[in-house]
Amino acid sequence: MLSDIEIAQQAKMQKIIDVAAKIGIHEDDLELYGKYKAKLSMDLIRRMENEKAGKLVLVTAITPTPAGEGKSTTTVGLAQGLAKIDKKVLVALREPSLGPCMGIKGGAAGGGYSQVVPMEDINLHFTGDFHAITSAHMLLSAMLDNHIQQGNALNIDPRRIVWKRVVDMNDRELRQIVVGLGGKAHGVPRQDGFDITVASEVMAILCLANSLHDLKERLSKIIVAYDYAGKPVTAGQIKAHGAMAALLKDAVKPNLVQTLENVPAIIHGGPFANIAHGCNSVIATKTAMKLADYTITEAGFGADLGAEKFFDIKCRYAGLKPDAVVIVATVRALKMHGGVPKTNLVTPNVDAVKKGIVNLEKHIENIKKYHVPMVVAINIFAQDTPEELEAIRSHCANHGVNVALSDVFARGGEGGVELAKEVVRLCESGEAHFKPIYELDMPLKAKIETVAKEIYGADGVNYTKEADKALAEFESMGYGNLPICMAKTQYSFSDDPALLGRPTGFKITIKNCRISAGAGFVVVLTGDIMTMPGLPKVPAAEKIDVSDEGVISGLF
């Protein structure tokens with residue numbers, strides 16, 4: 001079978017002005033980046049604000065495994081399936097980070113015959129959004145250090161600077177560094193470090209802002225350090241937020257591309273799904289809903305992280321009310337949750353599927369707590385047996401949830417028609433009565449314990465002294481009414497990545513907490529979350545090349 005990039009390079013793309021016309025966008029409302037990419041104008045976005053919104057569908061998944069689930073592929077395939085049954089549809093996705101593309105996972109634009117294109121552009125520099133975010137972040141870093149160098153009027157304690165630098169590349173050497181060496185003229189020596197760009201709070205802010213004005217307001221609230229009296233110092237006090245917003249004035253505009261079947265796709269923003277909320281931008285999603293009858297979007301990692309943050313952070317801030325949820329699962333992944341090693345997944349094993357299905361069961365129970373109807377999409381593989389598929393179908397039926405088989409990787413939109421029809425039925429059922437799982441006026445610890453017990457299935461929560469102190473400080477500073485953003489391993493409901501399936505009898509340990517005041521949430525750290533990945537022994541970059549004619553190869 002052809003590789004993803006080979007399939008993408010054979011695609012018959014339509015000019016982006018023709019793709020835009022399908023959803024009523026005139027060429028004057030596009031800012032073109034060549035023939036096949038464009039940004040939507042802010043004039044269009046403002047005009048769309050008062051239009052009626054279409055249906056919103058979230059695609060999420062079971063707890064990730066090395067076997068793979070295919071969430072992005074299903075998201076794109078579902079949109080193509082809806083187009084096959086003559087629905088006006090838009091897909092809204094995150095932008096891929098350059099670091100992982102060069103690192104371990106290769107490209108991230110769907111797979112097989114359910115991809116967004118131009119795939120190479122999307123996975124590499126695209127329209128420059130991530131470069132703009134990196135520049136805005138680094139401007140704040142430079143102005144912070146310059147403020148200290150030029151007399152430190154804000155009395156900043158260099159030992160309590162919390163604003164790291166960023167670059168959109170996997171580089172472990174930059175995790176911990178020392179800056180300001182070389183004498184008085186070259187700055188004040190201190191310990192520093194780099195995160196990857198997608199971990200920047202600027203990224204999270206861009207994806208939660210409702211407008212350029214809101215973006216600038218949020219940027220001004222970023223806490224960069226604390227002074228010697230322990231009071232927070234913000235980007236607004238450094239007077240950096242205006243210039244940062246100027247650097248982001250184009251990055252805030254959503255990007256329009258297309259799927260392999262020429263379905264319009266908006267790809268915009270890409271925050272971490274651990275220390276941030278892992279969803280594409282609010283502006284992109286809300287604009288898509290005004291342009292189409294169905295908007296299909298996704299959230300990072302499994303439903304315990306991505307869907308929870310989509311509901312409790314993004315939907316809350318944006319005033320969104322999703323109409324349906326798709327939970328993606330595979331027979332292979334359920335076998336892994338049932339204890340089968342990765343090397344034995346092709347062997348039929350109904351008992352392992354039945355054992356591992358408890359993971360899917362818990363995700364179903366969790367989505368029900370948000371009062372949104374759902375369907376389970378089984379991303380099928382050739383080796384899946386009828387008995388294994390029936391085990392999933394009958395188990396889900398016992399929970400009042402239908403199963404739809406998805407063959408979108410191999411067949412594109414045609415393989416997503418069954419799923420598309422069930423999604424339409426759910427959206428038209430009137431069963432959606434969305435409600436977040438906690439109220440904002442609850443104490444921070446009560447919010448943490450609600451998520452830990454209700455979503456993860458924990459018996460309780462333990463706090464370190466550092467976490468206790470941080471939470472108390474945040475509430476005293478007036479941040480107690482913010483939503484929480486749980487930073488936990490994606491590989492388990494618990495904080496132990498080795499506990500697969502549906503673990504019980506565990507407690508979540510909160511190691512520390514930090515504030516993302518601009519983004520508007522409290523980050524709750526349950527473990528050592530890596531915010532600057534390293535390259536593997538054999539990086540994906542080793543296989544990526546470009547011909548003399550400019551044709552890229554090896555990108556997934």
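The lining of the second largest pocket in this predicted model brings together 21 nonpolar, 9 polar and 14 charged residues. The pocket holds about 1,400 Å³ of space. Of its 44 lining residues, Ile-161, Val-162, Lys-164, Arg-514 and Leu-525 sit closest to the centre.

**Around the second largest pocket**

- Several strands each give at least two residues to the lining of this pocket, among them E7 (156-161), E10 (190-192), E11 (194-196) and E12 (223-227).
- Strands E23 (512-516) and E24 (521-525) also supply at least two lining residues each, as do helices H8 (201-208) and H20 (465-476).

**The enclosed cavity**

- A search of the whole structure turns up 1 cavity of 30 Å³ or more.
- The largest cavity has a volume of about 70 Å³.
- Its lining is made of Glu-95, Pro-96, Leu-98, Ile-122, Leu-124, His-125, Phe-126, Phe-130, His-131 and Asp-168.
- Sorted by class, those lining residues are 6 nonpolar, 2 polar and 2 charged.

- Leu-124, one of the residues lining the largest cavity, lies in the loop between H6 and helix H7 (129-149).
- With a relative accessible area of 23%, Leu-124 is partly exposed.
- Beyond its neighbours within four places in sequence, Leu-124 is in contact with Leu-98, Met-102, Ile-552 and Leu-555.
- Ser-97 is in the loop between strand E4 (89-93) and helix H5 (98-102), and it is buried at 9% relative accessible area.
- Not counting residues up to four places away in sequence, Ser-97 touches Phe-130, Asp-168, Ile-196 and Val-198. Two of these contacts, Phe-130 and Asp-168, also line the largest cavity.
- Leu-124 and Ser-97 are 27 residues apart in sequence, and their C-alpha atoms are 8.0 Å apart in space.
- Ser-97 and Val-233, in turn, are 136 residues apart in sequence and 29 Å apart in space, C-alpha to C-alpha.

**Nonpolar cores and a buried helix**

- The largest nonpolar core has 119 residues, and Ile-222, Leu-248, Phe-311, Leu-360, Ile-392 and Ile-510 touch the most other members.
- Helix H13 (residues 303-318) provides the largest share of this core, with 8 residues.
- A second, separate core has 40 residues, including Ala-79, Ala-109, Ala-324 and Val-423.
- Leaving aside neighbours within four places in sequence, the contacts of Ile-222 include Leu-140, Trp-163, Val-202, Ile-205, Val-233 and Met-244. Glu-201, Thr-234, Ala-235 and Gly-518 are also among the residues that Ile-222 contacts.
- Helix H12 (residues 282-291) is largely enclosed by the rest of the structure, because 8 of its 10 residues are buried.
- The buried residues of H12 are Val-282, Ile-283, Ala-284, Thr-285, Thr-287, Ala-288, Met-289 and Leu-291.

- A disulfide is a covalent bond between the sulfur atoms of two cysteines.
- This structure holds 0 disulfides.
- For Cys-101, the closest cysteine sulfur belongs to Cys-207 and is 16 Å away, so the two are too far apart for a bond. Cys-101 counts as buried, at 1% relative accessibility.
- Cys-427 is likewise in no disulfide, and the nearest cysteine sulfur, in Cys-315, is 13 Å away. Cys-427 counts as buried too, at 4% relative accessibility.

**Backbone details to look for**

- The peptide bond from Val-117 to Pro-118 is cis, with omega near 5°.
- You can find Pro-118 in the loop between strand E6 (114-117) and helix H6 (119-123).
- Lys-239 is not a glycine, yet it has a positive phi of about 65°. It belongs to the loop between helix H10 (235-238) and helix H11 (241-247).
- Asn-262 is also not a glycine and has a positive phi of about 65°. Its place is in the loop between strand E14 (255-259) and strand E15 (264-267).
- Is each of these residues buried or exposed? Lys-239 is exposed, with a relative accessible area of 67%, whereas Asn-262 counts as buried at 14%.

Conventions: Residues are numbered from 1 along each chain as its sequence is written. This is a predicted model: local features need pLDDT of at least 70, side-chain atom pairs count only at pLDDT 80 or more; totals for chains, interfaces and linings use all residues. Side-chain values use heavy atoms; hydrogens and water are left out. On a 1 Å grid over the protein atoms alone, a cavity is a set of points where a 1.4 Å probe fits but cannot get out, and a pocket is an open set with protein on both sides within 12 Å along at least five of seven lines; lining residues have an atom within 4 Å of a point. Grid points are joined across faces, edges and corners, and a volume is the space filled by probe spheres set on the points. Helices (H or I, at least four residues) and strands (E, at least two) are DSSP runs, numbered from the N terminus. Ala, Val, Leu, Ile, Met, Phe, Trp, Tyr, Cys and Pro count as nonpolar, Asp, Glu, Lys and Arg as charged, and the others, Gly among them, as polar. A disulfide is a pair of cysteine sulfur atoms within 2.5 Å. Buried means under 20% relative accessible area, exposed over 50%, partly exposed in between (1.4 Å probe, protein chains only). A nonpolar core is a set of buried Ala, Val, Leu, Ile, Met, Phe, Trp, Tyr and Cys residues joined through side-chain atoms within 4.5 Å. Contact means heavy atoms within 4.5 Å.
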